[in-house]
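Here is a short tour of a two-chain complex, taken one topic at a time. Keep the viewer open as you read.

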Amino acid sequence: MKAIARRWGSIAAVLVAWELAVVSGAVDPTFLPAVHTIAAALWELATAGEVWTNLLVSTYRAVVGLVIGSACGVAVGLMMATSRAANGFFGPLVAMTYSLPKASLVPLFILWFGIGDTTNMLTVFLATLLPVVVSTYHGVKAVPQVLVWSAQAMGTSRGEILRRILIPASLLSILTGMRIALGFSWVLTISAEMIASKTGIGKLIFLYGESGAYAHMFAGILAIVAVAYTADRAMIWLMHAALRWHDAAPAVGEH
Amino acid sequence: MESAAGGAVNAPARLGQSVWRAVKFTYPIALVVLAWAIAARSGWVRPLFLPSPQAVAEQFWPLLVGGEIVKPLAVSLWRAFGGLVLALVIGAAAGLAMARMRWVRWGVDPVVSFAFPAPKIAFMPIFILWFGIDDVSKILLVAFTCVFPIIVSTYHGATAVSRTVIWSAQAMGTSERTLLRRVVLPATLPYIFTGLRVTVPVALITAYTAEMVAGGGGLGSALMFAQRFFQTPAVFLYIILMLLSGVVLDQVMLAARSRLIPWQPEEDA
């Protein structure tokens, strides 16, 4: 109880201060709708279904892009970590394109694939690919060579080493990269939707803003922030679940 | 004498080594450009969709002379840097205060944990509503995006300062302000810098993206204009400029780090 009070106390204080500032007339409600107005708008949106369909569309785009991007990212990262030629080829490309804003490719993808899911998912795919590549590469590189040698000495095949040693031992790093990628997937989904889209929560927020429905705009932003926060929490939970053996496995930590 | 002779022998070898390193780094990029050139030249793809590298390069001079590169780039960089400096000042101060004062930690920590995973670009319409579509809204969005990683890394750095060091300083009668300035801040600097290095590309990306979403000048707006008028070579050129600006800035940050904090070598990141 006390922990909850400590955790939420300051957020509650902010909300109360916000509500009082607007209700007392110190802040123009056109610029900052009162908390209760936004809550009402959120309730209205939640019951009308408009937000759900758009959130679903955005989540679908973010998740599909993230899953494909992570799968390819792990594959490329593993290749780079285990093959010098692959590292020599992909390394410079990753270093060059890492700081490119992937949203800048949206106009190009619109030209190639039109406005819609493909453009959106491709952007998310590229944005999620690189952090997973980098974290997988570093994770696998950090695996103690002794483990690989021991397995080889016992006649373990290459595929088996990959599956039984390299991937489990670098899982923490891979999942950390995926958590960063998860954050990117929301940013890129929303950016791409705001730049050009017919559907999605990013588009919806922008439309509310343009039509002056500011309480609804704030409510929509609150909804996507809540979804992104929940997804991040779920990712942390997944990391704990997948790595439950991690501390209990002395073979990993000893070297 | 001997060392001079040794240097003379080593110089060509060192030159050869750095040339070899440059070739090794650039060959994949050259291959990609080559594949692009072949695809564009083959006639499989219409130039409207995929202009040749040459057509893109030919855009550079007219756009440069027409003032459509330097000014938008300067506008974007100003927004990214303005936001970054703001985030650095606020973030470092908040992170240090969180580490040293319990009530600040109580107030800021939940806000950070909620805001950290939030997609900040979703707040763009709010910033437009409050500050319009020009510099201020973009600088503030960049600051809003960059401030949380800096708070977190500063806080981690400041709480990692060895207790014995702080106690020693306090035992010698150091005031809290001097302690902060002479002990905690220098020890935290590498962490702040790590946070900064992470956020430099983020600042640039946020500035470009905000310009693409909301207009109002800058390289991002220029890119959207080029696309609207189907000037695909210019679209490619702007994308390449964005890419290069990020790479150059990252190198600048690396160089700055080794100058500012020479006592702590960069981890191989």
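## Confidence in the model

This is a predicted model, and chain B has a mean pLDDT of 87, with 94% of its residues at 70 or more. Among the elements of chain B, helix H3 (residues 70-100) has the highest mean pLDDT, 94. At the other end of the range is H1(B), whose mean of 79 is the lowest. Please treat residues 1-6 of chain B with care: the pLDDT there is below 50, and the stretch has zero contacts in the model beyond near neighbours in sequence.

For the complex, the predictor gives an ipTM of 0.87 and a pTM of 0.87.

## Domains of chain B

Chain B is divided into domain 1, residues 2-45, and domain 2, residues 60-260. Between the C-alpha centres of these two domains of chain B there are 33 Å.

## Where the chains meet

## H10(A) against H5(B)

Now look across to helix H10 of chain A, residues 201-211. The axes of H10(A) and H5(B), residues 124-131, come within 9 Å and cross at roughly 20°. Angles under 35 degrees count as roughly parallel, so H10(A) and H5(B) are roughly parallel to each other. The crossing in which H10(A) passes H5(B) is right-handed.

From H10(A), the residues that meet H5(B) are A:Ile205, A:Phe206 and A:Gly209. Their counterparts in H5(B) are B:Pro125, B:Ile128 and B:Leu129. This contact of H10(A) with H5(B) has five nonpolar residues, one polar and no charged.

## H10(A) against H3(A)

Within chain A, H10(A) also packs with helix H3, residues 50-82. Here the angle is about 135°, and the axes of H3(A) and H10(A) are 8 Å apart. That angle makes H3(A) oblique to H10(A).

H3(A) makes the contact through A:Asn54, A:Leu55 and A:Ser58, while H10(A) uses A:Ile201, A:Gly202 and A:Leu204. The residues of this contact of H3(A) with H10(A) divide into three nonpolar, three polar and no charged.

Terms used
Residues numbered from 1 in each chain as written. Chains lettered and ligands numbered in written order. Predicted model: local features only at pLDDT ≥ 70, side-chain atom pairs only at ≥ 80, totals over all residues. Axes fitted to C-alpha atoms, helices over the stretch in contact; angles between N-to-C directions. Helix = DSSP H or I, 4+ residues; strand = E, 2+ residues; numbered from the N terminus. Parallel < 35°, antiparallel > 145°, perpendicular 65-115°, else oblique. Contact = placed C-beta atoms within 7 Å. Nonpolar A, V, L, I, M, F, W, Y, C, P; charged D, E, K, R; others polar. Left-handed = near helix turned anticlockwise from the far one by under 90°. Domains from an automatic or database assignment. pLDDT = per-residue confidence, 0-100.
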